[in-house]
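Trainee: I would like to go through this structure term by term and see what stands behind each label. Please show it first.

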Amino acid sequence: MGDYSPTGFRALTWHDQAPAFRDGTDTPRGYLERCLATIAEREPVVRAWTAINEAGARAAADASTARWKAGRPLSPIDGMPIGIKDLLETRDMPTEMGCAAYKGNFPKRDNAAVRALRDAGAVVLGKTVTTELGGSHPGPTTNPFDPARTPGGSSSGSAAAVGARMVPAAIGTQVGGSIVRPAAYCGNVAIKPTMGGINRGERQATSMSTHGPHAGCVEDAWLVAMAIASRVGGDPGRVAFSGPAAPPAPLKPERLVVMETEGWAELDAGTKAAFATLLGRLEAAGVALIRRADHPLVERFERGINGARALCNAITGWENRWGTRNLVDQFPDGVSERAKQVLAKAEAMGVADYQDALAAREEAQLRHARIAPLADAVIGLACPGPAPLWGGDVPGQPLNPRPTGDFVFNAPSSMLFAPAVTVPLLAVEGMPVGVQVMAQPNQDARAAAIGRWLLQAAI
């Protein structure tokens with residue numbers, strides 16, 4: 001049983017250290033050493049990292065220290081130690097993607113986001129654990145608040161490293177729920193940008209994948225996202241993540257749509273009660289809430305996202321099937337049985353099935369657009385209760401289809417191409433349970449501003 005409290009937990013932050021870097025009372029090198037000490041203490045249990053480049057990180061932190069001393073930092077995140085999900089290429093560390101078939105893979109080049117972070121002066125400290133190929137087969141990482149529980153996936157190590165206060169920020173990726181849910185389970189803030197808002201570099205294979213930061217606060221997450229997008233833009237043909245250079249000021253919403261999703265019927269009583277209490281505090285603060293029973297457009301929106309889990313799985317499975325098939329053919333023993341089962345489902349699809357899924361996604365996006373005039377944003381749970389217990393597959397038993405938790409509350413933002421900001425507002429059974437603010441596409445700044453208000457108002 002965990003002992004997490006959203007008001008009692010003190011996340012590791014970066015932006016508030018800038019004055020100390022300027023006046024010399026602290027340095028990026030000193031900050032890095034404190035991070036390394038925490039990693040040394042907690043990594044044996046949390047197991048968030050696949051590789052750490054201590055020598056390279058110390059050299060980068062020393063260079064940053066000199067820039068701050070000279071009054072010429074490259075950006076607000078100059079010197080920030082940061083973890084990179086091991087799906088993204090890094091020139092100084094292997095990229096093994098949590099997959100035995102990629103063991104020893106070392107392309108010695110940087111993903112676009114990684115290059116942008118280096119150009120901003122960030123300290124690329126190491127690679128964080130991903131589930132196999134960013135799918136459902138888990139890695140070794142444990143939840144930082146209870147090692148018997150999953151940290152979520154697929155950005156397992158990124159979320160756990162931030163939740164364990166090892167680093168102030170880490171990069172994750174999401175296709176279905178891989179940024180939002182791990183953040184919610186590990187007590188992080190996270191930004192899942194509008195689809196295409198952050199350049200994915202070499203990872204362009206699927207139509208719903210996004211990069212996004214985990215961090216200890218909205219301010220740091222925003223600064224990391226802006227540092228990347230302002231240097232490498234968005235995906236080819238997409239509008240880049242945009243907004244003010246500084247974190248958006250807290251914004252109290254006038255009206256919020258409450259999103260239930262198909263997961264509402266499966267939700268445990270404790271999480272329902274905690275979320276209801278939160279909504280009651282919002283109403284007491286003067287925020288009008290619009291539920292599905294209050295307006296026909298909200299009801300139509302909920303119906304449009306019903307079945308989002310299956311739709312996201314179908315679209316992504318189809319888009320990944322050839323790459324996965326080639327990998328299995330080349331390395332039949334290097335891919336998990338869980339991934340092979342996903343591949344088999346994808347290979348049972350036809351072109352018409354994929355096109356039907358795209359049509360359903362487009363219809364859901366239209367229904368989301370139609371609720372825009374009703375409220376400032378959407379609020380909902382970011383995970384279906386506390387992180388589930390996970391002790392591994394049981395020999396002879398069917399494989400658990402969701403060992404890193406259910407992404408039912410995360411699939412909507414992915415299929416809608418919408419920005420979502422996770423904020424750590426709830427505790428259930430002594431474990432973090434995140435809440436998400438979802439806005440219309442390209443309204444990332446609004447979602448972040450509302451997220452800041454929710455945290456600062458202690459809603």
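Trainee: How do you know that asparagine 53 is in contact with residues beyond its neighbours in sequence, and which are they?

Mentor: This is a predicted model, and the test for contact is heavy atoms within 4.5 Å. Leaving aside neighbours within four places in sequence, asparagine 53 is in contact with Asp92, Met93 and Leu125. Asparagine 53 itself is found in the loop between strand 1 and helix 3 (54–70).

Trainee: Why does asparagine 53 count as buried?

Mentor: Buried means under 20% relative accessible area. Asparagine 53 has 18% relative accessibility, so the label applies.

Trainee: What makes the pair formed by asparagine 53 and glycine 56 a polar contact?

Mentor: The limit for a pair of N or O atoms is 3.5 Å. The backbone nitrogen of glycine 56 lies 2.9 Å from a polar atom of the side chain of asparagine 53.

Trainee: Why is leucine 32 called buried?

Mentor: Its relative accessible area is 0%, and the cut-off is under 20%, so leucine 32 is buried. Leucine 32 is found in helix 2 (residues 28–46). Not counting residues up to four places away in sequence, leucine 32 touches Ala57, Arg58, Ala61, Pro81 and Leu125. Leucine 32 and alanine 57 are 25 residues apart in sequence, and their C-alpha atoms are 7.9 Å apart in space.

Trainee: What makes strand 1 and strand 8 edge strands?

Mentor: The open sheet has eleven strands in the order 1-3-2-4-6-5-10-11-9-7-8, with mixed pairing. Strand 1 (49–52) and strand 8 (288–290) each have a single partner strand, so one side of each is left without a neighbour in the sheet. From one strand to the next, the twist averages 30 degrees.

Trainee: Why are both faces of strand 4 called covered?

Mentor: In a regular strand the side chains alternate between the two faces of the sheet. On one side of strand 4, Ala169, Ile171 and Thr173 are buried, and on the other Ala170, Gly172 and Gln174 are buried. That is six of its six residues.

Trainee: What lines the largest cavity, and what is its volume?

Mentor: The largest cavity has a volume of about 40 Å³. The structure holds one cavity of 30 Å³ or more. The lining consists of Thr194, Gly197, Val239, Ala240, Phe241, Ser242, Asn442 and Asp444.

Trainee: Which helix gives the most to the lining of the second largest pocket?

Mentor: Helix 14 (444–456) does, with three residues. The second largest pocket has a volume of about 410 Å³.

Key. Residues are numbered from 1 along each chain as its sequence is written. This is a predicted model: local features need pLDDT of at least 70, side-chain atom pairs count only at pLDDT 80 or more; totals for chains, interfaces and linings use all residues. Side-chain values use heavy atoms; hydrogens and water are left out. Two strands pair if DSSP finds at least two bridges between them. Helices (H or I, at least four residues) and strands (E, at least two) are DSSP runs, numbered from the N terminus. Axes are lines fitted to C-alpha atoms, for helices over the stretch in contact, and angles run from 0 to 180 degrees between N-to-C directions. Buried means under 20% relative accessible area, exposed over 50%, partly exposed in between (1.4 Å probe, protein chains only). A polar contact is a pair of N or O atoms within 3.5 Å; within protein, one must be able to donate a hydrogen and the other to accept it, and residues adjacent in sequence count only if both atoms are side-chain atoms. On a 1 Å grid over the protein atoms alone, a cavity is a set of points where a 1.4 Å probe fits but cannot get out, and a pocket is an open set with protein on both sides within 12 Å along at least five of seven lines; lining residues have an atom within 4 Å of a point. Grid points are joined across faces, edges and corners, and a volume is the space filled by probe spheres set on the points.
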